[in-house]
Amino acid sequence: MVQTMNDATIYIDEIRSSIRGTLLTPYDAGYDSARIVWNAMIDRRPALIVQCAGAADVIAALQFGREHALPISVRGGGHSVAGSCIIDDGLMIDLSQMKSIRVNPDTRTAHVEPGVVWGELDQEAQAFGLATVGGTVAHTGVAGLTLGGGFGWLTNKHGMTIDNLLAADVVTADGRLLHTSRDENPDLFWALRGAGANFGIVTSFEFRMHPVGPEILGGMVLFPMDQLRDVFRFYREFLFDSPVELTAYAAILTGPDGVQLVAVAVCYSGDLDAGMRAVEPLQSFGKPVADLIRPMSYLDQQAILTQASPYGRQNYWKAELSRTLSDEAIDVIAEYAPEAPSPYTVIVVAGNSGVARCVSSIATAYVHRSEAFNVMLLAAWDDPADAERNISWTRSLHEDLRPHMTGGVYVNDLDDPQEEGEQRIRAAFGENYDRLTMLKAKYDPENVFRSNQNIRPAP
Ligand SMILES: Cc1cc2nc3c(=O)[nH]c(=O)nc-3n(C[C@H](O)[C@H](O)[C@H](O)COP(=O)(O)OP(=O)(O)OC[C@H]3O[C@@H](n4cnc5c(N)ncnc54)[C@H](O)[C@@H]3O)c2cc1C
């Protein structure tokens with residue numbers, strides 16, 4: 001058993017000779033850059049990093065880690081705020097070099113490896129006028145996002161990312177490579193769609209693609225903060241009055257001049273004239289300071305939020321789902337927002353009013369189908385010395401908001417599992433939790449995959 005970094009070096013030759021990819025120890029060039037993740041609060045030092053070149057490397061790394069009793073983490077895009085893809089003194093199975101994308105325009109499908117980020121898939125697919133439901137920030141990993149559920153600008157029209165997942169290849173804890181789909185290993189395929197990080201290492205995703213763009217109607221309307229309450233109330237109705245082609249988020253953000261603003265951002269993927277009619281109520285509401293809605297390429301729409309979420313900042317998140325967005329919840333947000341300690345902090349209300357709600361809450365592991373609003377408190381700042389101020393503001397806002405929400409949380413919004421605690425993880429899986437513990441006992445009885453929002457195997 002490997003207990004220290006020195007012990008680990010004894011076994012290096014063994015693993016190095018069995019993989020096509022790269023093995024990195026703390027003494028290798030490339031080690032430090034390989035351990036950078038999106039959230040700069042996360043600064044962890046694995047004993048070994050295996051940068052896999054394919055499924056065979058994943059199997060070899062997993063077997064090696066298990067034989068030597070190394071704690072294991074799995075890295076896709078490295079974007080989770082919790083940083084659960086990387087651990088101290090363990091083995092990080094790093095999939096970030098596995099970047100193959102194969103789009104088939106005839107069948108409207110795409111095969112995607114787990115190191116791909118959304119900007120890369122969008123670019124490949126848009127060459128054929130296609131896209132699937134993906135994250136709104138280009139450098140977010142396809143893997144982690146999909147395995148937790150997945151929401152984006154196409155959600156109201158095409159459902160969650162998991163609703164567009166046709167199949168996945170997964171290396172299970174015992175080192176087998178299983179093909180999963182509705183017909184093959186359907187129980188595992190069910191679990192992968194919403195709780196996937198707990199069940200194995202996905203080495204390939206197959207997605208259903210849709211004709212999108214190349215031009216969509218996107219952008220946002222910006223309002224002054226004194227209209228916050230009115231804009232949020234308007235937004236909660238507008239969302240449900242609009243056609244499913246329209247996905248819209250409301251947010252409080254700070255402009256480049258340091259002034260806070262309320263934004264309603266939209267993406268209409270469909271006929272542009274119909275889109276113009278759909279966004280007209282928003283454009284004629286209140287007294288906006290800017291109307292930035294215009295036809296643009298889908299890739300430009302996908303870039304809008306990317307610039308606002310760079311690598312290198314400190315980040316701390318809280319989030320809460322709700323069936324309704326009550327006046328009381330809006331009041332709490334309106335009270336706290338002006339006191340946000342950092343200009344990078346954003347409060348987002350992501351609405352889910354379209355086809356994703358038509359799927360049963362037990363059809364996939366993602367359970368919160370009927371929660372229409374995801375309120376995300378995304379605190380971000382530069383100087384580590386400002387952590388306490390930013391974290392305590394976020395925690396207080398969350399505590400005061402919770403009584404006005406109907407409960408539940410999107411697993412991909414959970415922060416550090418130790419802090420979030422068992423109850424929040426259960427809240428992420430709701431009524432599906434018990435079934436997930438039984439499947440965990442079937443596919444990962446020793447809880448090898450536990451560097452995540454962990455589901456413990458049923459006894
Ligand atoms: C700026 C920003 C914007 C975001 N925008 C959206 C959005 O628009 N929509 C949305 O739904 N979510 C969004 N998210 C949340 C996002 O879905 C999660 O952060 C997700 O975990 C990112 O996946 P990743 O592969 O990049 O992360 P990682 O940190 O690499 O992985 C996250 C978890 O998944 C596991 N994992 C990764 N790859 C695999 C694999 N191949 N097999 C098994 N387990 C694996 C990891 O072990 C880890 O536990 C956003 C996050 C950020 C930080």
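User: What should I know about the model and its numbering before starting?

Analyst: This is a predicted model, in which local features need pLDDT of at least 70, side-chain atom pairs count only at pLDDT 80 or more, and totals for chains, interfaces and linings use all residues. Residues are numbered from 1 along each chain as its sequence is written.

User: Which domains does the assignment give for the protein chain?

Analyst: Domain bounds come from an automatic or database domain assignment. Here the assignment gives domain 1 (5-94), domain 2 (101-212) and domain 3 (215-422). The C-alpha centres of domain 1 and domain 2 lie 23 Å apart. Their contact (C-beta atoms, placed from the backbone, within 7 Å) takes twelve residues from domain 1 and 15 residues from domain 2. On the domain 1 side, helix H4 (residues 55-67) gives the most, with five residues. Helices (H or I, at least four residues) and strands (E, at least two) are DSSP runs, numbered from the N terminus.

User: What classes of residue make up the side of domain 1 that touches domain 2?

Analyst: In this scheme Ala, Val, Leu, Ile, Met, Phe, Trp, Tyr, Cys and Pro count as nonpolar, Asp, Glu, Lys and Arg as charged, and the others, Gly among them, as polar. That side of domain 1 has six nonpolar, six polar and no charged residues.

User: Which residues come nearest to the ligand?

Analyst: A residue is near a molecule if its C-beta atom, placed from the backbone, lies within 6 Å of it. Of the 35 residues around the ligand, Gly76, Gly77, His79, Gly141 and Gly144 come nearest. Two or more residues come from each of strand S3 (72-75), helix H6 (142-148) and strand S10 (201-208). H6 gives the most to this shell, with five residues. By class, the shell has 14 nonpolar, 20 polar and one charged residues. Domain 1 and domain 2 each supply at least three residues to the shell.

User: How do I read a sheet, and in what order do the strands of the five-stranded one lie?

Analyst: Strands of a sheet pair through backbone hydrogen bonds, either parallel or antiparallel. Two strands pair if DSSP finds at least two bridges between them. In this open sheet the order is S5-S6-S10-S8-S9, with antiparallel pairing. Strand S5 (101-104) and strand S9 (177-181) are the edges; each has a single partner strand, so one side of each is left without a neighbour in the sheet.

User: How many bridges join S8 to S10, and how many join S8 to S9?

Analyst: S8 and S10 pair over six bridges, with valine 171 opposite isoleucine 201 in S10. S8 and S9 pair over five bridges, and aspartate 169 has histidine 179 in S9 as its bridge partner. The two strands S8 and S9 form a hairpin with five residues between them, and glycine 175 in the turn has a positive phi of about 90 degrees.

User: Is helix H8 mostly covered or mostly open, and what covers its buried residues?

Analyst: A residue is buried if 20 or more other C-beta atoms lie within 10 Å of its own, exposed if 12 or fewer, and partly exposed in between, with C-beta atoms placed from the backbone. Helix H8 (residues 186-195) is mostly covered, with eight of its ten residues buried. Among them are Phe189, Trp190 and Arg193. What covers the buried residues of H8 includes H6, S8, S9, S10, helix H14 (417-429) and helix H15 (433-443).

Note on methods: Contact = placed C-beta atoms within 7 Å.
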